[in-house]
Amino acid sequence: MRHLIDPLDFTVKELNDLLQLGEAIRRAPQDYSEVCKGKKLATLFYEPSTRTRLSFEAAMLNLGGSVLGFPSANVSSVSKGETVADTIRIVSCYADIAAMRHPLEGAPMRASRYSRIPVINAGDGGHQHPTQTLTDLLTIMTRHGRLDHLKVGFCGDLKYGRTVHSLVNALARYEGIEFVFISPDELKVPSHLIKNTVVPAGIPYTETADLEGSMGDLDVLYMTRIQRERFTDIEEYERLKNSYVLDTAKMALGKKDMAVLHPLPRVNEITIDVDDDPRAAYFEQAQNGVYVRMALIMTLLGLAPTGPLAERDLAEARSREIKGAPCKNHSCITVSEEGLVPLYAPDTHGVMRCVYCEHKMP
């Protein structure tokens with residue numbers, strides 16, 4: 001049994017197979033209308049969501065399956081103190097596959113260790129959002145016909161934006177990629193992402209606060225909103241929220257085949273008149289989210305044309321885990337759930353990191 005917790009949980013071949021299936025579904029969705037007949041998807045959403053939750057539900061319904069679950073923590077047993085581990089144990093009795101969104105980093109990882117069904121990370125705090133990454137990759141592929149040799153600009157909240165972190169990790173595995181990180185100093189891309197992903201992959205990158213000066217040679221511009229819910233200081237949010245606004249004047253600076261992506265929802269970082277520009281791909285991106293989640297559900301249930309995914313031997317990885325002091329990341333699942341022992345394991349550079357949220361060991 002396999003899960004999707006991190007964008008790197010799939011090999012490049014597995015990822016390409018999944019995206020090709022997503023493209024096939026996009027071209028002829030009616031051909032897959034009964035693939036999951038009799039199967040159930042549990043949507044476990046501990047924080048509000050519109051696009052992601054409805055996209056998962058639409059995906060399963062389009063495949064002929066059914067859906068159960070909860071839309072927020074206050075209508076589930078978590079309000080009574082139930083742990084993530086206990087919740088997934090119970091849900092495993094009712095469903096064939098689960099999608100979990102949680103405000104605490106590492107919660108889906110925690111669930112996957114106790115689950116008897118595949119678990120999909122539908123977003124965990126500011127950490128990862130792998131199914132949005134799959135959506136982004138499918139959109140880029142449909143627009144450019146490839147995922148390699150592209151110059152990709154990320155603009156806005158690069159510090160807290162989990163969609164940005166996930167997409168950077170995914171694209172870093174393809175040849176000829178170049179990144180441009182556009183943000184105010186307060187919302188710069190985390191240094192650990194540069195150090196652990198971008199630099200080891202030998203990817204050229206630029207950090208700048210200048211959107212207009214960066215647009216001329218971008219193949220993809222990935223806009224993000226400044227996320228109020230990630231700020232503890234509301235005054236800082238108010239000061240930064242209008243840092244970047246993409247309008248028709250700025251669009252005129254971009255290439256004719258540049259694709260503009262946005263994970264949505266937008267606030268005012270893209271003006272409404274940009275919607276009419278053929279390079280605006282964000283609503284198409286939302287539609288692609290349904291197709292790629294259909295492909296993901298099929299893949300994890302072993303129903304894809306390529307057959308079941310190869311099993312992974314987790315014993316070796318877990319043998320390197322050690323118990324340690326409490327994680328210093330206040331958004332980590334280990335800080336919130338009583339009795340959850342912090343675990344640490346070495347990353348590819350030998351740095352000990354929290355198994356759940358990937359912060360450095362204190």
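Predicted model: local features only at pLDDT ≥ 70, side-chain atom pairs only at ≥ 80, totals over all residues.
## The parallel sheet

Four strands make up an open sheet with parallel pairing, and their order across the sheet is S2-S1-S3-S4. At the edges stand strand S2 (66-70) and strand S4 (119-124), each of which pairs on one side only. Ignoring direction, neighbouring strands of this sheet are turned by 15° against each other on average.

Strand S1 (residues 40-45) runs parallel to S2, and 5 bridges join the two. Within this pairing, Leu-41 is found opposite Val-67 of S2. Helix H2 (residues 51-62) packs on the sheet, where it touches S1, S2, strand S3 (97-102) and S4. The direction of H2 makes about 175° with that of S1.

A pair of aromatic rings is described by the distance of the centres and the angle of the planes. The structure holds 7 aromatic pairs. One of them is formed by Tyr-46 and Phe-70, whose ring centres are 5.3 Å apart and whose planes make an angle of 85°, an edge-to-face arrangement. This pair links distant parts of the chain, as its members are 24 residues apart. Tyr-46 belongs to the loop between S1 and H2, whereas Phe-70 belongs to strand S2.

## The antiparallel sheet

The other sheet described here is open and has 3 strands in the order S10-S11-S12, paired in the antiparallel sense. Strand S10 (322-323) and strand S12 (352-354) each have a single partner strand, so one side of each is left without a neighbour in the sheet.

The pairing of S10 with S11 is antiparallel and comprises 2 bridges. Here Ile-322 has Tyr-344 in S11 as its bridge partner. Strand S11 (residues 343-346) also pairs with S12, again in the antiparallel sense, over 3 bridges. Along this pairing, Ala-345 lies opposite Arg-353 in S12, and Pro-346 lies opposite Met-352 in S12. The hairpin of S11 and S12 has 5 residues between the strands, and Gly-350 in this hairpin takes a positive phi near 85°.

## Two packed helices

Two packed helices are described by the angle between their axes and the distance between the axes. For helix H6 (residues 162-171) and helix H7 (residues 191-198), the angle is about 15° and the axes are 10 Å apart. Angles under 35 degrees count as roughly parallel, and H6 and H7 are therefore roughly parallel to each other. Their crossing is right-handed.

Which residues of H6 and H7 meet? On the side of H6 they are His-165, Val-168 and Asn-169, and on the side of H7 they are Leu-193, Thr-197 and Val-198. The residues of this contact divide into 3 nonpolar and 3 polar, with no charged residue.

Most residues other than glycine have a negative phi, and most peptide bonds are trans. Leu-264, however, has a positive phi near 60°. The peptide bond from Leu-264 to Pro-265 is cis, with omega near 5°.

Where in the chain is Leu-264 placed? Leu-264 is in the loop between S9 and H10. Pro-265 is likewise in the loop between strand S9 (259-261) and helix H10 (282-300).

Key:
Residues numbered from 1 in each chain as written. Heavy atoms only, no water. Pairing = 2+ DSSP bridges. Axes fitted to C-alpha atoms, helices over the stretch in contact; angles between N-to-C directions. Contact = heavy atoms within 4.5 Å. Parallel < 35°, antiparallel > 145°, perpendicular 65-115°, else oblique. Left-handed = near helix turned anticlockwise from the far one by under 90°. Nonpolar A, V, L, I, M, F, W, Y, C, P; charged D, E, K, R; others polar. Phe/Tyr/Trp six-rings, centres within 6.5 Å; stacked < 30°, edge-to-face > 60°.
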